Number of protein chains: 2
Amino acid sequence: MQPGLRTVQGVFTDVLSNVVKHPLHVEGSGRTDAGVHAIGQVISAKVHCSIPAEKWPIALNTRLPNDLCVREAEMMPDDFHARFSAVGKTYRYTVDRGKVPDIFLHRYAFHHPRRLNLPLMYEASQYLIGTHDFTSFCGASSPVDDKVRTIYSITLIEEGQLLHLYCTGNGFLYNMVRILAGTLLQVGVGRWKPEHIVEMLRQKNRTKAGITAPAHGLSLWQVYYDRQQLDRFVSSFGM
Amino acid sequence: MQPGLRTVQGVFTDVLSNVVKHPLHVEGSGRTDAGVHAIGQVISAKVHCSIPAEKWPIALNTRLPNDLCVREAEMMPDDFHARFSAVGKTYRYTVDRGKVPDIFLHRYAFHHPRRLNLPLMYEASQYLIGTHDFTSFCGASSPVDDKVRTIYSITLIEEGQLLHLYCTGNGFLYNMVRILAGTLLQVGVGRWKPEHIVEMLRQKNRTKAGITAPAHGLSLWQVYYDRQQLDRFVSSFGM
């Protein structure tokens with residue numbers, strides 16, 4: 001919720017409370033910056049309503065604007081919370097490497113026509129995996145104290161002129177995936193050697209890592225609520 | 001150009017004249033309604049400028065807004081005209097058949113979750129191919145007198161939950177592809193039998209054909225300037 005601004009949480013609160021006819025609190029699995037997309041966002045809310053779970057997607061989709069839709073709904077135990085019950089998340093950062101951008105994707109991919117060395121980017125990504133203090137990869141204005149997070153996997157997938165970076169971890173700091181993506185792109189064009197990542201992490205200083213890649217290339221891809229689901233995703237990428 | 005409105009022609013006129021430093025007239029291969037996309041639009045303009053053709057895409061793309069880009073440029077004979085030299089065009093109409101729409105495509109595909117009978121749609125499309133008076137398939141406000149056009153091919157291509165209708169002809173009337181698409185969709189859900197198309201064409205009355213499918217599912221796909229290129233496209237779809 002942000003006063004005077006249209007937000008996903010705000011739209012869902014209006015639509016949901018309209019359907020169930022009582023006030024309620026909508027919780028998302030986490031916030032996304034303006035311009036960031038979400039294919040696998042999860043929300044939770046306590047409702048008093050007899051609509052069965054399988055009818056919720058259609059009931060909501062007929063009322064939601066075209067840029068928001070519900071894919072699935074499930075009844076959950078009382079203590080479920082979209083944010084606090086999550087054990088991990090995957091984000092996808094998409095780069096359009098084409099000399100000429102794919103115009104239908106201009107809102108979903110960062111156009112970056114410079115040649116990228118993927119083996120170097122892969123090597124750099126390996127230094128980021130694991131449990132680290134990610135202060136250097138956190139937007140400087142973040143109010144969070146504990147900047148230790150665990151990244152389980154970073155995977156590069158080519159799809160024609162697109163390059164997707166899938167990043168899975170137990171949680172992410174403000175702007176963290178965008179800074180990871182920006183830094184890996186800068187390794188890919190030769191600005192730094194892969195092993196320089198170790199030094200960036202050690203310095204715990206935002207100015208030592210790379211640029212913050214633009215918001216529009218980023219999508220929240222999936223949120224995990226049990227370890228098995230998370231492990232399956234990480235291992236399906238062959239790490 | 002439309003007074004007070006942002007149009008593709010207007011943006012190109014500004015950017016091009018800015019680069020070459022003289023006034024000029026930008027011609028497109030044809031107009032598209034508001035909300036219709038173009039992947040293969042062609043424009044022509046007479047410029048006095050020493051920039052070689054292969055440099056034009058980059059020179060223009062750095063100046064164009066993110067939702068417009070130039071894929072190729074070519075030097076043409078003096079009598080070339082993007083509109084009058086065209087011998088045919090292909091439009092693509094995209095339908096999202098998913099129960100839940102693909103949210104990343106909501107601006108480029110018409111969400112139509114009702115079950116479609118593709119064999120019936122294919123059969124109906126065959127009655128549209130050829131040279132006909134398409135008055136029943138032309139937006140009623142069109143000022144054009146001669147409503148005879150030739151459709152060379154209509155092809156249905158499935159791509160996951162998407163269904164693409166490719167429609168190639170020597171020229172199209174106002175709203176014609178959107179009405180063709182709307183009519184075929186209505187055949188697909190059982191509103192009319194395929195052979196009813198013959199009757200629609202015969203009546204020469206807009207109210208006898210189907211609905212005008214929404215603009216956002218439509219893209220101008222390709223414009224042809226020689227018959228061979230057009231024949232290759234038509235035959236590559238195996239008609």
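Let's start with B:R97, which forms a salt bridge with B:E158, the closest N and O atoms being 2.7 Å apart. By salt bridge I mean a side-chain nitrogen of Lys or Arg within 4 Å of a carboxyl oxygen of Asp or Glu. This pair links distant parts of the chain: B:R97 sits in the loop between β4 and β5 of chain B, and B:E158 in strand β7 (residues 148–159) of chain B, 61 residues apart. The helices (H or I, at least four residues) and strands (E, at least two) I name are DSSP runs, numbered from the N terminus.

A quick word on the model, friends: it is predicted, with local features needing pLDDT of at least 70 and side-chain atom pairs counting only at pLDDT 80 or more, while totals for chains, interfaces and linings use all residues. Residues are numbered from 1 along each chain as its sequence is written, chains are lettered from A and ligands numbered from 1 in the order in which they are written, and side-chain values use heavy atoms, with hydrogens and water left out.

Back to the charges. How many salt bridges does a search of the whole structure find? Over all chains, the search finds 10. Another of them joins B:D67 and B:R6, where the closest N and O atoms are 3.0 Å apart. Here too distant parts of the chain are linked: B:D67 is in the loop between α2 (56–61) and β4 of chain B, and B:R6 is in the segment before α1 (8–20) of chain B, 61 residues apart. With a relative accessible area of 33%, B:D67 is partly exposed, while B:R6, at 56% relative accessibility, counts as exposed. For those words, buried means under 20% relative accessible area, exposed over 50%, and partly exposed in between, with a 1.4 Å probe and protein chains only.

Over in chain A, A:D231 forms a salt bridge with A:R227, and the closest N and O atoms are 3.2 Å apart. Why are these two about one helical turn apart? Because they are four residues apart in helix α6 (residues 227–236) of chain A. A:D231 counts as partly exposed at 39% relative accessibility, and A:R227 counts as partly exposed at 43%.

Now, rings. A search of the whole structure finds 10 aromatic pairs over all chains. The rule takes rings of Phe, Tyr and Trp (its six-membered ring) with centres within 6.5 Å; planes under 30 degrees apart are stacked, over 60 edge-to-face, and the rest tilted. The rings of A:Y108 and B:F104 have centres 4.9 Å apart and planes at 15°, so they are stacked. This pair crosses between chains: A:Y108 is in the loop between β4 (88–96) and β5 (110–111) of chain A, and B:F104 is in the loop between β4 (88–96) and β5 (110–111) of chain B. Both A:Y108 and B:F104 are buried.

Within chain B, the rings of B:Y91 and B:F172 have centres 5.4 Å apart and planes at 90°, so that pair is edge-to-face. B:Y91 lies in strand β4 of chain B and B:F172 in the loop between β8 (162–169) and α4 (176–188) of chain B, so the pair ties together parts that are 81 residues apart in sequence. B:Y91 and B:F172 are both buried.

That brings us to the interface. The contact, meaning heavy atoms within 4.5 Å, takes 18 residues from chain B and 18 residues from chain A. The area buried between the two chains is about 1,700 Å², and carbon and sulfur atoms give 75% of that; this is the accessible area (1.4 Å probe) that two parts lose on being put together, summed over both. Which three residues supply more of chain B's buried area than any other three? They are B:I103, B:F104 and B:Y108, with 36% of the area that chain B buries against chain A. Between chain B and chain A the count of salt bridges is zero.

Last stop, A:T135, in the loop between β6 (130–133) and β7 (148–159) of chain A. At 19% relative accessibility, A:T135 counts as buried. Leaving aside neighbours within four places in sequence, A:T135 is in contact with A:K147, A:K204, A:N205 and A:R206.
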